[in-house]
Structure formats: structure tokens, C-alpha cells
Amino acid sequence: MIINTLTLLIMKKIYVLPLIAILAFTLNFCSKHSDDPTPAPPAITSSVSMKVGGEIKTFNTVTVKEQPYTANGENFVDLEITASQNGSTTEFIIFYIGKGNLGQNVSWDFNYTLNEVPYAQIGTSVGSEATINSNNKLKGSFSGTVTASDDKTLELTQGSFDITY
């Protein structure tokens, strides 16, 4: 009887020890992989840039707000684009473009604030061209003159926007 009990205990250990080893290996393997950092998705980069007074400015903080509205029974969406340098509140650009609109002069209300002084598009003083405007992607160019309330003007040249939202 003692031999049978001893044999039974030894047999249990022979089966249990490999199971414990396999379980320990499995847990250790899983824990190493769960500690690995998940690769970050590619950064979505958006920018608006232009040349003002001979200086190239790049605005890397870009937000796009969709503004839906109805006119004459049809639904439309305007895009409000705001761009600044690292979130600056003293220098930024705001302009509008209809979602899906392509071609020349499809933006309006182009405003540029420099050192907290707002400059605005007067009539068609800023021209633009949208070459891509779909699937949350907006790309194009602009140039023209903006005017402050004291009639001081700034010439904007080589303007471009490449925005993913």
C-alpha cells in the first residue's frame, strides 16, 4: 500500500512538473510580448506655409472644423481652417473653403493675424487654388494681399496648404 501511494505520488509529479514548466514558459513568453511597445501609427502631418515680408512661415498646428448648413434646400459643408505655429495665439491664419470644392478662388475670408494685429482679405485680394479636397485631405495654394484696419497691407506669396483632418 505504501509503495502504491508512493508510486502514485511520483507519477503525479512526473505529469504535473512538465505541465507547470509549460505553463511558466507560456506566461513568461506572453509577458515579454505584452511589454513590447505598440508601434505608433504614422503621424498625420498638416501644414500651411507662406512667405511674408521675405520670410517663409510654416504653421504646423492645424485644425479643421466642419460647418454644415442648408441653402435653398441643399446641404453643404464649409471647412474652417485655422493654422498657427505651435498653437500661437499671436500669429495664425484662418480661411474657409467648401468641402469638396476644387479649382481656383474657392477659399474666402482669408485672415492672417501677426503680433495680434488682424489682416483680412478685401474682396478677391487673395487668390487660391484647391487641387485636392476629398477624403479628409485638402491641398492647394494661395497668394495675395491682406489689409489691417489702419490700411497697412501685407503681401502673401508662395502660400500652400497640405492638410489631413
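Which backbone oxygen does the side chain of Asn133 reach at 2.9 Å, in Asn101 or elsewhere in the chain? The views below start from the whole fold and then come to that residue; the oxygen in question is the backbone oxygen of Asn101.

**View 1. The whole predicted model, for orientation.** This is a predicted model, in which local features need pLDDT of at least 70 and side-chain atom pairs count only at pLDDT 80 or more, while totals for chains, interfaces and linings use all residues. Residues are numbered from 1 along each chain as its sequence is written, and side-chain values use heavy atoms, with hydrogens and water left out. Helices (H or I, at least four residues) and strands (E, at least two) are DSSP runs, numbered from the N terminus. Of the 165 residues, 27% are buried; here buried means under 20% relative accessible area, exposed over 50% and partly exposed in between, with a 1.4 Å probe and protein chains only. The accessible surface comes to about 11,000 Å², and carbon and sulfur atoms hold 59% of that area (Shrake-Rupley method, 1.4 Å probe; for residues, only the protein chains shown count as cover).

**View 2. Asn133 and its polar contacts.** Asn133 sits in strand β8 (residues 117–134) and is buried, at 6% relative accessible area. Neighbours within four places in sequence aside, the residues in contact with Asn133 include Leu79, Ile97, Lys99 and Leu138, where contact means heavy atoms within 4.5 Å.

**View 3. Tyr96 and Trp108, a stacked pair.** The model has eight aromatic pairs. Rings of Phe, Tyr and Trp (its six-membered ring) pair if their centres lie within 6.5 Å, and planes under 30 degrees apart count as stacked, over 60 as edge-to-face and the rest as tilted. Tyr96 and Trp108 are stacked, at 6.4 Å centre to centre with 15° between the planes. The pair links Tyr96 in strand β5 (residues 91–98) to Trp108 in strand β7 (residues 107–114), 12 residues apart. Tyr96 counts as buried at 18% relative accessibility, whereas Trp108 is partly exposed at 30%.

View 4. Phe142 belongs to strand β9 (residues 137–147) and Phe161 to strand β10 (residues 153–164), so the pair ties together parts 19 residues apart in sequence. Phe142 is buried at 5% relative accessibility, and Phe161 is buried at 2%. Together with Phe95 and Phe110, they form one aromatic cluster.

View 5. Ser149 is in the loop between β9 and β10 and is exposed, at 79% relative accessibility. Its C-alpha atom is 7.8 Å from that of Pro118, 31 residues apart along the chain. Asn105, in the loop between β6 (103–104) and β7, has a positive phi near 55° although the residue is not glycine; Asn105 is exposed at 52%. Glu116 lies in the loop between β7 and β8, with phi near 65° and an exposed state at 57% relative accessibility.

Conventions. A polar contact is a pair of N or O atoms within 3.5 Å; within protein, one must be able to donate a hydrogen and the other to accept it, and residues adjacent in sequence count only if both atoms are side-chain atoms.
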